[in-house]
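Grab your viewer and let's work through a few exercises.

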Amino acid sequence: MSIDNLAAERRQDYDGTSPFPGAEEHVPAGRLQIGLTGAIVIVPFAALAVAIFLAWGRGISLTDLALAAGLYVFTGLGVTVGFHRLLTHGSFTAKPWLRVALAVAGSMGFQGNVIDWVAVHRRHHAFTDRPGDPHSPYRYGTDLRGQLRGLAHAHLGWLFDKDTTPVERYAPDLAADPAMNRVARAFPALCALSLALPFAAGWAITGSLYGGLTAFLWAGLIRVALLQHVTWSVNSLCHVIGERPFKTRRHDRSTNLWPLALLSFGESWHNGHHSEPACARHGVDRLQIDPSAGLIRLFERFGWVSNVHWPERDRLQRRRAG
Ligand SMILES: [Zn+2]
Ligand SMILES: [Zn+2]
């Protein structure tokens, strides 16, 4: 049976509460992938302990903090505006140089190469919270134990499974784009750059190797860890806790979770997003802060982007949940 038929069949059987068929059948990724993913996930987080130890009693320097904030915003918006709103959902059109710049910025966020990222995320939208979703917190069912296991899976565990998303099927547009292929191939180099940059800047600004090292820790590793966990929280928490003001497809349980709005650059208005995936603004209601949409608006003013899908009031009203 082809993957498509199998997925369609599983989809029909799914009742919305049981564990997904085959939930326990894990095919672990190859050793190399597990090693690499483990390093990418664990090293930045472990750096936090080292950094806290070094900073204990002396605090964190303004240089480290400013570099960390700057790189967090640069790479974070690369993921949200570039990888997600532009390349996954086509919610606007960008000038070719800006498209490449955003893809480069997103690649520096240590979340996989741009083409794979887009393919996985499109699959998440195609099968949200039902069998076929690469990272659904409902994989193990909706009882408490299943839910907790599911959260761990949706946050992090899924990265260690061999559950390859075929790029030819989910991202043929990017696979056929020479510029995006170049950016995807440069992913390891861009990750290295993402860590080397704060080290060099810290060294240059403070004039000491130690200054370079603490900048590497805070603005390199810890900044990467924070952005990773915020992004993964959108996959895990934003399908479990929060409000659901908008209608979504059957079984889709995406939520709006305000505490993450600023750190996620507006991506935690996830129910709004799942309800209208191609919309350039995810926080569509009053007081729903959405810095990614703000940046797209700015780009539009500069004339660097066009065809922006801004929310339409009538459409929005129709999508409101009873
Ligand atoms: Zn989602
Ligand atoms: Zn999306």
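**Exercise 1.** Which residues does Val114 touch, not counting residues up to four places away in sequence?

*Solution.* Before we start: this is a predicted model, where local features need pLDDT of at least 70, side-chain atom pairs count only at pLDDT 80 or more, and totals for chains, interfaces and linings use all residues. Residues are numbered from 1 along each chain as its sequence is written, while chains are lettered from A and ligands numbered from 1 in the order in which they are written.

Step 1: pick the criterion; two residues are in contact if their C-beta atoms, placed from the backbone, lie within 7 Å.
Step 2: read off the partners of Val114, which are Phe83, Leu87, Ala103, Gly106, Ser107, Met180, Val183 and Ala184.

**Exercise 2.** Find the residues with the most contacts inside the largest nonpolar core.

*Solution.* Step 1: a nonpolar core is a set of buried Ala, Val, Leu, Ile, Met, Phe, Trp, Tyr and Cys residues joined through C-beta atoms within 7 Å. Buried takes 20 or more other C-beta atoms within 10 Å of a residue's own, exposed 12 or fewer, and partly exposed is in between.
Step 1: the largest core has 33 residues, and Leu87, Val114, Ile115, Val118, Met180 and Ile296 have the most contacts inside it.
Step 2: helices α3, α4, α5, α9, α10 and α13 each supply at least two residues of this core. Helices here are DSSP runs (H or I, at least four residues), numbered from the N terminus.
Step 3: a second, separate core has 18 residues, including Leu71 and Leu221.

**Exercise 3.** Describe how α2 packs on α11.

*Solution.* Step 1: α2 (residues 31-55) and α11 (residues 209-236) have axes 8 Å apart, at an angle of about 135°. Axes are lines fitted to C-alpha atoms over the stretch in contact, with angles from 0 to 180 degrees between N-to-C directions.
Step 1: among the residues meeting here are Phe45 and Leu48 in α2, and Trp218 and Leu221 in α11.
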